[in-house]
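Biologist: I would like to learn how to read this model. Can we take a few features in turn?

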Amino acid sequence: MNWDDTTDADSAEERLVGSVADREDQAVEAALRPKDLGEFIGQEKVREQLDLVLRAARARGATADHVLLSGAPGLGKTTLSMIIAAEMGAPIRITSGPAIQHAGDLAAILSSLQEGEVLFLDEIHRMSRPAEEMLYMAMEDFRVDVIVGKGPGATAIPLELPPFTLVGATTRAGLLPPPLRDRFGFTAHMEFYEPAELQRVIHRSAHLLDVEIDTAGAAEIAGRSRGTPRIANRLLRRVRDYAQVKADGVITRDIAEAALAVYEVDARGLDRLDRAVLEALLKLFGGGPVGLSTLAVAVGEERETVEEVAEPFLVREGLLARTPRGRVATPAAWAHLGLTPPRTAAGGSAQQDLFGT
Ligand SMILES: Nc1ncnc2c1ncn2[C@@H]1O[C@H](COP(=O)(O)OP(=O)(O)OP(=O)(O)O)[C@@H](O)[C@H]1O
Ligand SMILES: [Mg+2]
């Protein structure tokens with residue numbers, strides 16, 4: 001095994017199946033974004049609930065309640081925020097937690113909002129504490145206190161705000177302080193998508209990109225997209241490249257399979273890093289348990305890369321477990337890589353012992 005080919009640390013941004021959008025993505029994403037609730041695929045429950053919230057607000061001629069969108073990267077939070085504004089016929093202002101360093105930054109944004117405007121606050125869990133506290137009052141009373149001056153002479157000048165709708169997005173709902181979470185009238189938790197839904201996403205995107213694709217081709221890409229529309233769209237574009245260069249441009253199952261083999265995305269959506277981690281765990285450490293740091297050294301990656309980039313998907317797929325004694329491969333991991341678990345002295349496999357199967 002040549003571990004060298006895994007050492008040119010592909011960052012999360014560069015990975016084909018990673019969840020973070022790169023620049024090319026952002027441009028194409030804008031073009032592929034569904035524009036209204038009717039076009040938004042999947043997330044039936046969220047769509048139904050949000051539809052009620054928005055319809056009722058429209059019927060009352062009121063501004064919609066604040067909405068919190070939580071869910072993994074690439075599931076459609078930014079898309080939904082834009083849909084909320086479009087459905088309300090309201091303008092949208094986009095900013096993010098990390099962009100708001102001081103409470104003053106937030107005050108400036110809030111005080112310049114138009115009546116009914118949607119304020120989209122991405123990564124809301126990364127806002128500074130003072131800004132967060134200012135937001136509490138703004139959300140509840142549509143008012144902020146602007147502090148003028150410093151020290152004992154400082155005075156708070158109350159400022160009335162027009163009614164607005166805050167749409168907060170977070171990948172880590174658990175990190176939000178309860179007082180903030182409680183001020184949202186509606187919280188939508190976005191789930192990973194079913195393969196059939198991703199297939200619809202792929203057909204829709206292919207149509208918009210003017211790419212010909214058959215049902216089996218779309219199904220093949222959908223099955224490797226990790227339940228994530230952003231990844232589905234990205235894989236579609238890479239398969240389109242392959243189809244153009246190596247074939248007649250039409251995406252079939254064979255073309256999708258051949259293309260994704262080139263990009264090292266396997267049948268379950270694992271990429272090179274994911275497979276390197278699993279292979280090290282199985283081949284070097286007999287399936288574990290092994291410590292995270294040791295595992296990271298074995299694949300020539302940073303600890304954080306293994307923990308934050310590769311593991312969440314491996315855990316979700318039931319291929320790897322994080323135990324108090326270290327990382328352990330599940331029986332499904334051995335099966336996925338086509339390997340046989342070693343036998344223990346007791347006759348069963350080490351993993352059978354650990355999983356009690
Ligand atoms: N339900 C959907 N139907 C069709 N396309 C979708 C859907 N959800 C997301 N997409 C597509 O996936 C891409 C990523 O979605 P979006 O940018 O909204 O994700 P996000 O949740 O905001 O991700 P992040 O947490 O990284 O900001 C968009 O370009 C959009 O075209
Ligand atoms: Mg987003």
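Biologist: Which side chain does a polar contact of 2.8 Å join to that of Glu 311?

Modeller: A polar contact is a pair of N or O atoms within 3.5 Å; within protein, one must be able to donate a hydrogen and the other to accept it, and residues adjacent in sequence count only if both atoms are side-chain atoms. Here the partner of Glu 311 is the side chain of Arg 327, at 2.8 Å. A caution on sources: this is a predicted model, where local features need pLDDT of at least 70 and side-chain atom pairs count only at pLDDT 80 or more, while totals for chains, interfaces and linings use all residues. Residues are numbered from 1 along each chain as its sequence is written, chains are lettered from A and ligands numbered from 1 in the order in which they are written, and side-chain values use heavy atoms, leaving out hydrogens and water.

Biologist: Is Glu 311 buried or exposed?

Modeller: Buried means under 20% relative accessible area, exposed over 50%, partly exposed in between (1.4 Å probe, protein chains only). Glu 311 has 0%, so it is buried. Contact means heavy atoms within 4.5 Å. Leaving aside residues up to four places away in sequence, Glu 311 touches Leu 292, Leu 295, Val 306, Leu 320, Arg 322 and Arg 327.

Biologist: How does Arg 55 count, at 47% relative accessibility?

Modeller: Arg 55 counts as partly exposed, because its value is 47%. Arg 55 sits in helix α2, residues 44-60. Helices (H or I, at least four residues) and strands (E, at least two) are DSSP runs, numbered from the N terminus.

Biologist: What is the strand order in the open sheet?

Modeller: Two strands pair if DSSP finds at least two bridges between them. The five strands run β2-β3-β6-β1-β7, with parallel pairing. β2 (92-96) and β7 (186-189) each have a single partner strand, so one side of each lacks a neighbour in the sheet. Four bridges join β1 (residues 67-70) to β7. Within that pair, Leu 69 stands opposite Ala 188.

Biologist: Which atoms of Arg 33 and Arg 230 lie by oxygen atoms of ligand 1?

Modeller: For Arg 33, a polar side-chain atom lies 2.7 Å from a ligand oxygen. For Arg 230, an N or O atom in the side chain is 2.8 Å from an oxygen atom of ligand 1. The protein covers 93% of the 630 Å² of accessible area that ligand 1 has on its own, by the Shrake-Rupley method with a 1.4 Å probe.
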